[in-house]
Amino acid sequence: MAPLAPKTGDAVFASIDRVNAELFTLTYGAMVRQLLTDLEEVDEVNKQLDQMGYNIGIRLIDEFLAKSNVSRCVDFKETADVIAKVGFKMFLGVAAAVTNWDAEGTSFSLVLEDNPLVDFVELPDTCQGLHYCNILSGVIRGALEMVSMKTEVTWVRDMLHGDDAYELRVKLLKQVPEEYPYKDDE
Amino acid sequence: MGREVAESCIDGVIIEMVSAYCNRFYGSKPELAARRIEAIGYQVGHQLIERYTMERPRFSDHLEAIKFICKDFWSELFKKHIDNLKTNHRGTFVLQDNKFRWLTRVSIDPSSENLEASQDSPVLTPEHKVEVTSMHLYFPCGIIRGALSNLGIPCAVSADISNLPACKLHLDFGDNKNFPPRMLPE
């Protein structure tokens, strides 16, 4: 059977189940607020958001692959484009831009100007160290790990801290060779 | 139609929120975890109802407000109405959703749901499974309590899932049968 043609982010987003973004945004916001109260330390909140994102990412990759028909990327450049144009679009409804490649082609930036996570959000002064959207970096890291790429994902720019866009730096640490769970004769 | 995101986004956040509170933060104190999750829901309901009722006149009685929750509010959240509304005319209302969206996609399989929890509690007993599912109910209960509270109708909300995927939500107004004018927050 010939492989199915990969779909665009728009096409997948149009075809999947969607919900009112307000519900998502307010739920995320209320959760972050409660985490700040319960965990007290901003660093610990960052860590927990990243962990939640990672857990989501390792599951979301399956839905991503199943619904987008995207097959193996030839290189990290293609991976970056697929995350930005298909991944972000199909889940959050907004595409990201890929920029600032390093010379080795192992790290790039994802730039988001429109981010549904932060509608209605303003950070008080006490939250200067908070990476409010840290769940996103966790999702990317978790999802890529499931397709054999160990990455480090960090925030470079954050509009909630006064920058002009959201910029996430994705650095490829290593490609993990795939391990096949089954022996040939099984 | 306003802005939308993929349903997996909200599902992922809710599942991770419940899992973090039940396993990582308050693993040995489920009642504390429940209270925190309910509080997050309360916050969300409080804010959502504010937005959805902004342009309509005040409700004249309990029933009118509850009907609004069953129809308009539920549609915004789940794209459907509550399937059945009953009352004993003595301050208790029962709202039934025959296929409650947030439970149809929750996995109670311990092997996938609680990868991390398994370190502390390697075997999930049937009671624990029920507990894991019921933990997912504090959030919607909180949403409804928050929404009604913002309409000046304080009540207790509990859920009954003995007939999955149907979910019955019990609203109890105690002795508070006369509809009070919009009350100041406590």
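Of the 186 residues in chain B, 38% are buried (20 or more other C-beta atoms within 10 Å of the residue's own, with C-beta atoms placed from the backbone). This is a predicted model, in which local features need pLDDT of at least 70, side-chain atom pairs count only at pLDDT 80 or more, and totals for chains, interfaces and linings use all residues. Residues are numbered from 1 along each chain as its sequence is written, while chains are lettered from A and ligands numbered from 1 in the order in which they are written.

### Chain B in outline

Chain B holds 8 helices and 5 strands. Both are DSSP runs numbered from the N terminus: helices are H or I with at least four residues, strands are E with at least two. Their order from the N terminus is β-α-α-α-β-β-α-α-α-α-α-β-β. Take the contacts in chain B with a separation of 6 or more: 64% of them join residues 24 or more positions apart. A contact here means two C-beta atoms, placed from the backbone, within 7 Å.

### Where the chains meet

On chain B, 26 residues are in contact with 28 residues of chain A. Strand S1 (4–6), helix H1 (7–25), helix H2 (30–52) and helix H3 (62–78) of chain B each give two or more residues to this side. H1(B) gives the most, with 11 residues. By class, this side of chain B has 14 nonpolar, 5 polar and 7 charged residues. Nonpolar covers Ala, Val, Leu, Ile, Met, Phe, Trp, Tyr, Cys and Pro; charged covers Asp, Glu, Lys and Arg; the others, Gly among them, are polar.

S1 (residues 18–20) of chain A and S1(B) are antiparallel, with 3 bridges. Pairing requires at least two DSSP bridges between the strands. Val19(A) has Val5(B) as its bridge partner.

Ile10(B) sits in helix H1 of chain B. This residue is buried, because 22 other C-beta atoms lie within 10 Å. Leaving out residues up to four places away in sequence, Ile10(B) touches Val19(A), Leu23(A), Phe24(A) and Thr27(A). Arg24(B) lies 14 residues from Ile10(B) in sequence and 20 Å away in space, C-alpha to C-alpha.

Axes are lines fitted to C-alpha atoms, for helices over the stretch in contact; angles run from 0 to 180 degrees between N-to-C directions.

| Helix pair | Axes come within | Crossing angle | Hand |
|---|---|---|---|
| H2(A) and H1(B) | 9 Å | roughly 20° | left-handed |
| H2(A) and H3(A) | 9 Å | roughly 130° | right-handed |

A crossing is left-handed if the near helix is turned anticlockwise from the far one by less than a right angle, and right-handed if clockwise.

H2(A) and H1(B) are therefore roughly parallel. Their contact includes Leu23(A), Phe24(A) and Met31(A) on one side, and Cys9(B), Ile10(B) and Val13(B) on the other.

Angles under 35 degrees count as roughly parallel, over 145 as roughly antiparallel, 65 to 115 as roughly perpendicular and the rest as oblique. Val32(A), Leu35(A), Leu36(A) and Leu39(A) of H2(A) meet Glu44(A), Val45(A) and Gln48(A) of H3(A). Here the classes are 5 nonpolar, 1 polar and 1 charged.

### The sheet of chain A

In chain A, 4 strands form an open antiparallel sheet in the order S2-S3-S5-S4. The edge strands, which pair on one side only, are S2 (97–99) and S4 (149–157). On average, neighbouring strands are turned by 30° against each other, direction ignored. S4(A) and S5 (residues 166–175) of chain A run antiparallel, joined by 8 bridges. Thr151(A) has Leu172(A) in S5(A) as its bridge partner. Helix H4 (residues 76–92) of chain A packs on the sheet, touching S2, S3 (107–112) and S5, at about 150° to S2(A). Helix H5 (residues 134–146) of chain A also packs there, touching S4 and S5, at about 160° to S4(A).

### The sheet of chain B

Chain B has an open sheet of 4 strands, ordered S2-S3-S5-S4 with antiparallel pairing. Its edges are S2 (84–87) and S4 (156–160). Neighbouring strands are turned by 20° on average, direction ignored. S3 (residues 92–97) and S5 (residues 167–172) of chain B share 6 bridges in the antiparallel sense. Gln96(B) is the bridge partner of Lys168(B) in S5(B). Helix H8 (residues 138–150) of chain B lies across S4 and S5, at about 150° to S4(B).

Terms used
Buried ≥ 20, exposed ≤ 12 C-beta atoms within 10 Å, placed from the backbone.
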